[in-house]
Each structure stands twice: as C-alpha cells, then as structure tokens.
Amino acid sequence: MAKREIPKRFQPDAIEDKWRQHWEKGGFFGADPNTKHKVFSMVIPPPNVTDILHLGHALNNTLQDVLVRYHRMNGYETEWLPGVDHAGIATQVVVEKQLLRQGTSRQKLGRKKFLDRVWEWKNKNGDNIINQLKMMGCSCDWERTRFTMDEQLSKAVLEVFVHLYNKGLIYRGKYIVNMCPRCHTSLSDDELERNDKQGHLWHIRYKIKGSDDYLIIATTRPETMLGDTGVAVNPHDERYKRFIGKSAILPLMDREIPIIADSYVDMEFGTGALKVTPAHDANDFEIGLRHELETVNVMNTDGTINENGGKFQGMDRYDARKKIVAELDKSGLLERIEDYTVPIAECYRCHTEVEPSLSEQWFVKMSALAKPAIEAVESGAIRFIPDHWSKTYLHWMHNIRDWCISRQLWWGHRIPVYYCEDCDKEIVAREKPAECPACESSDIRQDEDVLDTWFSSWLWPFSTFGWPDKTPELKTFYPTKSLFTANEIIFLWVARMVMAGYEFMGELPFKDVLIHGTVRDSKGVKMSKSLGNGIDPLEIIRDYGTDALRSTLLLLTPEGQDPFISKQSFELGRNFANKIWNAARLAMMNMEDFDLKDKQSAPAPSDAADRWILSRLAETSDFVNKCFVEYRFNTAAKALYDFIWRDFCDWYLEIIKPRVYSDGDNQPDDTARHIMFYVLDGILRMQHPFMPFITEELWKTLYDTVGTERPQESLSIAPWLNVPESYRDTELEARFSAVQELIGAIRNIRSEMNVPPGKKADVSIKPSVDTVARWFEDSADYIKLLAKVNELTIDKAVSKPFQSASRVIKDAEIYVPLAGLIDVDVEKDRLQKEFDKLETLLDKSTKKLENSDFVSKAPKDVIDKEREKNKDYQERLEKISKNLEGIIGW
C-alpha cells in the first residue's frame, strides 16, 4: 500500500469548512418523527436576532452539542431544534438607530413602513447568528430552524392569548409598571437590572394645614412629590398620632393632601412619615387603593414632566429634580440632605433608569398557572442541575406576581384585541373581525401595543414542533429531555415555559434543566461590552480553531461554577488538538501496510501493556458514560484529556514503539498495531462530541490508512465506543500506576541532577512489599526503556550506594548512583550555588512576610504571591539539600 502523507501540523482552517459542508450535505443532523428508535430531543435557547456570538453562547451551545452528539452516536433519533428570537425591544432599537443616522424616524415612516424596514433588516441579518452557530460545530437540525415570528409560531401566540383571555386569565388594568424613558415601553420586573448607586435622601418639610407644625418627610425622588396625594404614618407611631385625619400642604404645589394611617409605613425609615404618590410607586399605589386617594401622573413616557407638574412641565425628570430641590431650599422647606445608597432598576437593553408609572396595560394572572409548575419541581418531575437552583425557582414561583405582557412597541406580535369605534366593544379574536358583534359597525381598530417578547418564547418547546396543530413532530419530540441555560433567565423563560407546558400541553416541557456558569475574565469579572473585557469567539476560532475553543471551555468550566478565561486560556485546547494530531499521525505512520480486513473484531491482547491500555480504555469509556448521564461534562472532558494525553500518548505509544517500528530487520507486531488501531478508533469516537472537526478528519484518515472503508459516512453517526467488560483488569492498572510512579521518580532524578539525556543510568530499587517487587520485575523492560536504565536491581535487601541520588515512592526506595553519569564535583558546586541563592531569597521573603507594615498595607494578591514564593523557595531548598546529601555521600 502506498504511503500516505499526513500533514505534520494540525491546521484547523484547512478542514473545518470541509466537514461543516459534509455534515450539512449529508443531512446527518435531521430527525425522523416517524422513527422506531428511542428519541432524544432538545430545543436551543433561541438567541436574539440582533446577537453576535459571545463566549456565553459558545459555552451554552458547546454543552448542548456535546450531549446531542453523544446521544446520536448512541443510536437515538436525535432532534436538536435551532431558532432565533425576534427580540422586540432590542431589534426595534437597532433599526431606530439606523433610521436616526439616515435622518428619519419610525414616527415619520409610520407603522407599516417601519415594520417593512425591520423585516428587511431581519432578512438581511437574521442568518448571522445561525451561521455563527454552524461555525461552532453545532449539530442542529437546520432544516427545522424556527423564528419566533414565523407564521406557525405567530398562530400559536394568537391561540394562547385567546385561550387565556377566554379563561379569564388575561385582563387589562391600570397598574404601576416599569417604564423605560428611552425605549418608551413598559418592562416586567424580570426585565430589569438592579443595582445600587450613591444618591441622597432629601428631607422635606410638609406644613400641617391650619398649624405652624411641619411633618418632615424623606425621599430619594423629590421630583415625584409633584404627584403626591397623601402623607402616611404608621398607626402605632406615637410621634404622629395627633396628625392622623388632618391635612398637609404639598410644598411648591400648594395642594391640600390628607394625612392617613397605614401599617405599611416603616417607622424606622427616614422620619417615619411617608409621602404617598400612587401614580409613581407600586407600594404607594396599593396604599392609594386602600384609602381611595387620587392618582396624579406627573410624567410622560419619555421621562419628562407633564402638564400635572405645573411650572416644571417639559423638564427632564432629573433637571426637574435639581430645580425642585433648589426651590425647596429657597423657600425654607428643605430640612437637610443626607447621603444614601439608592437601589435603582435599569432597562435590561439600554440601561436607562426606569420610571415606575401608572399605566393601562395587559396582564396575565399567574398564580393559577404557577401551581402545577411548582409541583413539578417539588415532586422531582423536573430537576435542576445543580439542585440549589430549584430553591431559586421555587422562591420566585411562590411569590409570583401578575405578568405585564403589553409593550409600547411596533415590532412584535400585535395584541389580538380589537375595539369598535362606535360602541366601544372590546373584541378578542385570532383575526380582525369584519364587523362588531354588538352593533355591526365595520369601524374597528386593533390595539396599538405588542406582546412581550417572552410571550412567544414561553411557547418555544411546543410551538416549534407545530402546536396548536397536532403534528408528528409534536407527538414524537415533545416533551424534550434537557434544557441548558444561564441562571439569569430562570424566571424570565424557564419558569414560564414550565407553566405553558402544563397549561397547553398538559405535561412538562423538559425533564432536566442544567444551569451553567457565567464566563468571567481572568480576574473573575463578568465579561461585558461596556467593560471591554470580552473575548470574541470568532476570533478564537480563527486563531486557534473551533475544537480548541470548545475543548478549552469544557476543560475550564467546572460543573455549576463560573469559568475564568483569558485569550491565552485557549492555548490549552490548541495544544491538546496538536497532541491528538501528532499521536494519531505517529500511529498511522506505523500502520501503512497493516491489513485490518481480517481483524474487524476486538483485538486479543497478549502483552501486559496491551492489556493495560485496553483496561484503561474500558474504564475511561465506562466513566465517561456515567458522566454524560449525570451532566458532568467538565469531569468527562478531563477524564478523556488524561487518558489521551497521559495513558495513550505518553505511555502506551512510547512502550510499543519498538514493537510497531518497521525497518529491514524488524517486522512490526500486528497485535500491537491492531490494538493501537482499536484504541485510536475508540479515542476518536469518545472525543468526537467534544472536538468534532479534528476527530472527523483523523477518523477518515485512519480508515484510509489501513485501506478499509469507514463503517459510516461520518463519525457523527458512528456508534459510540462499546468496550468488552472482559478488558477490565484493576490489578494490572494498579501495577502500571506503581510502575509509572517509579519511572517518573527516576526521570525527576535525572532532570534535577543534570544527567545527559543520552546516558543510561544504573538503578537500584528497594521494595517494601512483595507484590510491588513482583510488579517491578514483570515490568523491567518497560522501566529500562522509558527511564533510560542500564542495569536494574530490584531487591528488598539493597543498600544505598555511595554518591547516589534517591527518592521514596509508595512501597519502595529508588537509588541512582551518580558516579560516571555526571561530574560530581561540578554538580556539587552548581547545587551549592543554587542553594545559597535560594537561601538568600527565602530569608528576604520571610522578613517581608514578618513585617507588620507589609502584611497590613499591601494588597491581598501581593501578599498571597509572596507567600507562594516563600513556599516555593522552601520546597526547592529541601530538594537541593537532599540532592547534595546524595552527592556528598552522607
């Protein structure tokens, strides 16, 4: 057979596009709803159509893809449905900014033309995120890609709204909502980002009508006082009992407002007297309802003061605040200003501070929907991984509030509510009625608002498979098995999907919810655009390759924890890919004339090293299988990393080199080559879900090398590794662990004593246990080969030779005579100089750590580094001291 040229270097860019096209052309990732096979299904958390791939996406989708590829290789009909969310606010903001740069606006265009522009933008840019997912190696069923405003998904949204309205669970009412002055729309509580900032408490004097007395009231938002319609005190507060039932005069507005008693008032906060602004605070709104107070809205949706704000009308809320404070001070009504940490809520999209405002909105009653969703988690029907996130879920669900679902936007699913202009009849319908059912008028208009983006997203696990129609896909693929997501959308998305699943499908939407960590930079700070500490995954793919990106994220993300990542971190994955490539290349170079055709069954090992590597392969395969069941992807990735790098590359390939190497006088051992082939094939199968590109390339090359057709067109649909249980040999693995420790100790001695690489050493081993002695004797050839040993003595009675280096390992002592290996005098001088230098450094470091000024004033990381250096100096001194003892011959 002619020799194949396998490139010396692994070049990801030379193979990745080829295999992406091969997978897609072959249709390997599609799923048949009429299958007779066992089924595994997942739906992708739909990224926003405005998104570009970031490391959070990369981690989330790599985790999903690993599990999907594993199940596909294990014979499941595997459906991983991809898609994109229309992202109401985010997309509208993008297009509005584009219009602003062009000197126009959505208001100038009008609703229809504006929506045409948004669809034009979506059709041009909507595939970006899908293409980026393909770059990541995601094995989704691309033929079933969905968009939350597709016709079928829009049909599902209408069906759900009508169903909930007819059931009495959707209603319209005035309530305090979070208004974003920048986006001009309401936001649910779960769409807010909450932070603290340094602000003030302004203590304002409210005059008691008909008296010279004042009530001092503290507020963090003095501009809202323009809408005050009452003052509340706690009925048990002795300081204010005499004022209950009287009236106060609202400063600057000269409006008479009642003083009421309400147990909500915290006597310890501020002065214990509370200004009540029902139109601009949720708690004040409830107080206002209880006491029938007037509601006075003083703000427009853009955050400016409206006509109810008197002379402050037209001012921005913060400009009005400054003006109001100045006038209060001038009028002698500002008692004092106190520094105060203020909790604020910001729009999750534009980060503008939201304004609580009274507004008429559409709501969903959630308490009835929440009951089965609570039971699902409490009973274990749905489990969170890690489990502690179930407590977060349940806390929110037990305290759930009604969901504000209307948004003052144009992009999104328009609310299917219609109004008769002649008789004011409210009509909820799946399509616009031709006439009013009450008065037969054809003058009908639709509600201007759209639904919250999450109103379509909560239907994602079943609407994507064709609901409300009864499709084969829905029957086969719902419910799905697993959901992968981040903790910040447990409330926004996960909980709502569970509620929707039970309400509309009568069963849970998924069984397992894996909450993965948040990607942070090397200092532990969450990556974000604003901080400039993000890493572009597409840049990592270009510089290191997709497999390096994926494997690094998997190896550095412990289960349930946040990974700390820098750009240099991806050298880990690149080096691992290079190691796999080089090892496979070495193996295949020694298989050029190997005929596999009559050796298709599992190999029969004869040599101990062969039996050992097969035992390790069986143990690793079994362990990785268990990890997949338990969603321990980091643990699985590390187990495979250790097996490939250490067991296969560093040990087995080195041991069998003399057996597989072919020259004029030496014929290669076909048993060793068969086992080398079998193990390499198994490695590529197990590693494929983690690193799909390099494994696919090497798997094809492996079969081409031995002149045999691949069993399948793609490794992605090849069977998962199934190693015979008979290969397991725990005693042999224990023997090799002892031998590896021994060889490692000899190698360390050679390195520390500067023994030239080409020189073989005599080694004496003094075992303390008979079993270990036998293991070393049986492995003498391996020890001589890998530790470069000339004469090997294994004897329980051996004594330490003169001028020898020594090591103690488990159940044995090792002696390496140095005479003849090195110039003892030169080495002694070198070690003494190194010892003296380290002693000086240690003394300097110790004094620094004993200095109270240094320990009390230096940053913690500087102190920690100094302690690490001190420990390192001590350990190195101890080693050199032992080596000097060996040379001097004490």
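**Figure 1. Burial across the chain.** Buried residues account for 54% of the 890 residues in this chain. The model is predicted. The exposed surface comes to about 40400 Å². Carbon and sulfur atoms contribute 47% of that area.

**Figure 2. Overall dimensions and secondary structure.** The C-alpha trace extends about 110 × 75 × 55 Å along its principal axes. The chain holds 28 helices. Strands number 27. Consider the contacts between residues at least 6 apart in sequence: 77% of them link residues at least 24 apart.

**Figure 3. Charged side chains.** Positive side chains number 120 in the chain. Negative side chains number 140.

**Figure 4. A four-stranded open sheet.** The strand order is β6-β5-β14-β16. Pairing in this sheet is antiparallel. One edge is strand β6, residues 185–187. The other edge is strand β16, residues 403–404. Each edge strand pairs on one side only.

**Figure 5. Close-up of the β14–β16 pairing.** Strand β14 covers residues 355–364. Two bridges connect β14 to β16. The two strands run antiparallel. Strand β16 is also an edge strand of the sheet, pairing on one side only.

Figure 6. Phe-363 stands opposite Cys-404. Cys-404 belongs to strand β16, which spans residues 403–404.

Key: Residues numbered from 1 in each chain as written. Predicted model: local features only at pLDDT ≥ 70, side-chain atom pairs only at ≥ 80, totals over all residues. Heavy atoms only, no water. Buried < 20%, exposed > 50% of the residue type's maximum accessible area, 1.4 Å probe, protein only. Contact = heavy atoms within 4.5 Å. Areas by Shrake-Rupley, 256 points an atom, 1.4 Å probe, with all protein chains shown as cover. Lys, Arg positive; Asp, Glu negative; His and termini not counted. Charge placed at Lys NZ, Arg CZ, Asp CG, Glu CD. Pairing = 2+ DSSP bridges.
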